[in-house]
Amino acid sequence: MESGSDPVLRAEDLSVELGGLPVLRGISLTVHRGETVALLGGNGSGKSTLVRSLLGLTPVRRGSVQLFGTDLARFRDWSRIGYVPQRSTINLTRAKVSEIVGSGRLGHRLPFVPPSRQDRQAIKDALEVVGLADRATAEMQHLSGGQQQRVLIARALATRPELLVLDEPTAGVDLEHQRILADVLAELLRRGMAILVVLHEIGPLSPLVDRAIVLREGRVVHDGDLPRSTSELHDHHRIEHGGHEHLEEEHASGPTPSVAGPLDTRNGASS
Amino acid sequence: MIDILGYPFMQRALLAALFTGLLAPAIGSYIVQRRLSLLGDGLGHVAIAGVGLALLTGQAPIPVAVLVCVAGSVLVEVLRQRGKATGDVGLAILFYGGLAAGVLMSAFAGGGTGALSQYLFGSLTSVTPGDLVVIGVLAIVVLVPTIGLAPQLFAVSADEDFARVLGLPVRTYNIIVVVLAAITVTLSMRTVGLLLVSALMVVPVAAAQNLVSGFYAALGTAMAIGVLVSVGGAAGSFYLDAAPGALIVVFAIVVFAVSWPVSAILAKRRRAPVIISEPAEHPQIPTPHVLAGSHPHQHGDPDCDHPAVTHGDHVDYVHDGHRHAIHKDHYDEH
């Protein structure tokens, strides 16, 4: 673990209220370069709110958020972050895949200027990473749920980010597509991407996860190795007292994600 | 068609209809994407207050109505961004307050509601040369950002949160959309009218989405449909001696009605499973066993593009003009 390196994301003592009710209370967390952190918890535990407040989409009541060492309020380097919102919250059915992924380049483009060759290349690269290069001209509504999810990942990748934030990418996606999704994320990890992923249940993504943060009623109840099963996730007493021996075994047997090297894709973006 | 071009007022009316037909569906594409289809209707009501104010003060109606409607649209958007307009009640008060104020001011000006009606449903004879200049200039003012900022406005309209994390100035773009919509609504009052303009913003977009795929293709197609029905409706209303707005909207709905079965056919062609029955004559004679060539992917995979075909008791996959059937570890040609 690269605990010595600068974190790409750090939150300290974060509290968030929605409609006057406390939703998050005193949350502190860090995500390091090349690390995959899973944010787990039941319905209403505050996972999605936490991700939204880390990205400045939901106002923070108390505490601080730093992205790449800069305070959220002063952070302007948004192309270093790729955001994959929940698929169900957006309305993109009629648009083409290439148009949607093309939106991901807008952080690099000036208004009234047509897309450059570099923009088109980045769109092509992003679609290739998620295995949908042959679907660029398809309409979003003709794709399956899992494919739509990969289009949204490609859109986030088009900006060539260093930190990818995914909000429930496996929700409503069948097991087969979840495995494809896991392969896509594994490839991104191999390239040195840091990933923060909100999950309702762990599923096929579990071998990729370096660290799990479990939320319960707006508080962090666990920050460490992945809980062994969903039932443990919803019962933090067992996580703290009974689950650790098993966890050690499972974690040792799983593949260790690579943390090496800068992003290959980033070199292209800076040239 | 040639004879009506001889009248100067018809030349102006047809040009105004051309501008309206271009603008309304263009800005309507973003409004529909944001699921605010009835925003245009509300802004039309606000513009009526502007017309009433112009009648009361003796000013030219279009510039006054543009100012009032733009101010109203910015107010609506700021309320929405602050989360204050979620209950729709604030919007309803603003929109219907606008309508009521317009009617009252028109009455004080001595014209009553009759003076307003030419602005509600359009009026061919009312486009003055001065109006046409204002409409032409403002049409260009609206069209340049509507087309030039299309990628930004599309991204913001489709997924506001993602656009914000891209670092785009989302609030500014949202205000640009409603201001452009407000100008478009007001310019349309001479042709399609303030009560019917919302239909011209929404219906051609819906028809275009049935006919073509992709946001930008639909944007262009919607503008083409908008020009067609606006100019056609304005010309037709000359012969019918009717308010042009009604005929423009009827034409737009006819285009939509025609586009509906077209989209159903396109969707069916894309999805329908084909069923091939086994030949009935000699079921005992087995099909010759022809092995298919090697394969980059597994048929039936989530990413497999080849249409599945039910063939008797098994499934074939259509593959470059022939069919592949799974047989143990390889594919047979069927």
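1. A residue counts as buried if 20 or more other C-beta atoms lie within 10 Å of its own, as exposed if 12 or fewer do, and as partly exposed in between, with C-beta atoms placed from the backbone. By that rule, 44% of the 271 residues of chain A are buried.

2. The model is predicted: local features need pLDDT of at least 70, side-chain atom pairs count only at pLDDT 80 or more, and totals for chains, interfaces and linings use all residues. Residues are numbered from 1 along each chain as its sequence is written, while chains are lettered from A and ligands numbered from 1 in the order in which they are written.

3. Chain A has nine helices and ten strands. These are DSSP runs numbered from the N terminus (helices: H or I, at least four residues; strands: E, at least two). Two residues are in contact if their C-beta atoms, placed from the backbone, lie within 7 Å. Among the contacts in chain A with a separation of 6 or more, 70% join residues 24 or more positions apart.

4. The sheet of chain A is open and mixed, with six strands in the order E6-E7-E8-E3-E9-E10. Strands pair if DSSP finds at least two bridges between them. E6 (81-84) and E10 (219-224) of chain A are the edges, each pairing on one side only. From one strand to the next, the twist averages 15 degrees. Angles here run from 0 to 180 degrees between N-to-C directions, and axes are lines fitted to C-alpha atoms, for helices over the stretch in contact.

5. Look next at E3(A). Four of its five residues are buried, so E3(A) is largely enclosed by the rest of the structure. E3 (residues 36-40) runs parallel to E9 (residues 211-216) of chain A, joined by four bridges. With E8 (residues 194-199) of chain A, E3(A) pairs in the parallel sense over five bridges. Ala38(A) has Ala212(A) as its bridge partner in E9(A), and stands opposite Val197(A) in E8(A).

6. E6(A) runs parallel to E7(A), with four bridges between them. Gly82(A) has Leu164(A) as its bridge partner in E7(A).

7. Now the interface. The contact takes 29 residues from chain A and 25 residues from chain B. On the chain A side, E6, H2 (97-103) and H5 (175-190) each supply at least two residues. That side divides into 13 nonpolar, ten polar and six charged residues. Nonpolar means Ala, Val, Leu, Ile, Met, Phe, Trp, Tyr, Cys and Pro; charged means Asp, Glu, Lys and Arg; the others, Gly among them, are polar.

8. In chain B, H6 (residues 129-148) packs with H9 (residues 170-187) at an angle of about 150 degrees, the axes 10 Å apart. That makes H6(B) roughly antiparallel to H9(B). Angles over 145 degrees count as roughly antiparallel, under 35 as roughly parallel, 65 to 115 as roughly perpendicular and the rest as oblique. Residues meeting here include Leu138(B) and Val142(B) of H6(B), and Leu180(B) and Ile183(B) of H9(B). The contact of H6(B) with H9(B) divides into nine nonpolar residues, two polar and no charged.
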